[in-house]
Amino acid sequence: MFIREKEKTPPVEWGNGLSHRLVVATDRMGFTIADTLVRAGTKSRLQYRRHLEACYCISGRGQVLSADGSVQYDIRPGVLYALDRHDAHFLIADTGQDLRLISVFNPPLRGDEVHSLDETRFSEY
């Protein structure tokens, strides 16, 4: 058994916010759990080609859009979205308040991964 406190876990600047990686690959649990903050008003072009991810919203609001922008899901506290097909997507945090998610990755992250965000391709790790 181990105990880890968010306040004692150094945050990783992932690209458009901060992520406290609470469980990582070296913990040998088979998954990662992260407390992730997405800065208000940001839009992130993302795709996890080597990981599956599920995100549970605990505060703030935003949207997840399909890669072509045709499908939009509203994210608010109590909503979970799962990227079960390595889906390319846009994660958008509404203006005025940061979006906070509990994210689970499989396989687990090393813990130091960051995104390379630009407007021409989907960032991955």
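A: This predicted model holds 1 aromatic pair. The partners are Tyr48 and Phe105, with ring centres 5.2 Å apart and planes at 80°. Planes over 60 degrees apart count as edge-to-face, so the Tyr48 and Phe105 pair is edge-to-face. The pair links distant parts of the chain, 57 residues apart. Tyr48 sits in the loop between strand 4 and strand 5, whereas Phe105 belongs to strand 10 (residues 99-106). Both Tyr48 and Phe105 are buried.

Strand 4, at one end of the loop that carries Tyr48, is also part of an open sheet of 4 strands, ordered 4-9-6-7 with antiparallel pairing. Strand 4 (43-46) and strand 7 (72-75) are the edge strands, each pairing on one side only. On average, neighbouring strands of this sheet are turned by 20° against each other, direction ignored. Within the sheet, strand 6 (residues 62-66) and strand 9 (residues 89-93) run antiparallel and are joined by 5 bridges. Leu65 stands opposite Phe90 of strand 9.

Strand 5, at the other end of the Tyr48 loop, spans residues 52-59 and includes Ile58. Together with Tyr56 and Leu80, Ile58 makes a nonpolar surface patch of about 270 Å². Ile58 has a relative accessible area of 33% and is therefore partly exposed, while Tyr48 and Phe105 of the aromatic pair are buried.

Notes: Residues are numbered from 1 along each chain as its sequence is written. This is a predicted model: local features need pLDDT of at least 70, side-chain atom pairs count only at pLDDT 80 or more; totals for chains, interfaces and linings use all residues. Side-chain values use heavy atoms; hydrogens and water are left out. Two strands pair if DSSP finds at least two bridges between them. Helices (H or I, at least four residues) and strands (E, at least two) are DSSP runs, numbered from the N terminus. Axes are lines fitted to C-alpha atoms, for helices over the stretch in contact, and angles run from 0 to 180 degrees between N-to-C directions. Patches are made of residues with over 30% relative accessible area and no salt bridge: like charges are joined within 9 Å, nonpolar side chains (Val, Leu, Ile, Met, Phe, Trp, Tyr) within 5 Å. Accessible areas come from the Shrake-Rupley method with a 1.4 Å probe; for residues, only the protein chains shown count as cover. A salt bridge is a side-chain nitrogen of Lys or Arg within 4 Å of a carboxyl oxygen of Asp or Glu. Buried means under 20% relative accessible area, exposed over 50%, partly exposed in between (1.4 Å probe, protein chains only). Rings of Phe, Tyr and Trp (its six-membered ring) pair if their centres lie within 6.5 Å; planes under 30 degrees apart count as stacked, over 60 as edge-to-face and the rest as tilted.
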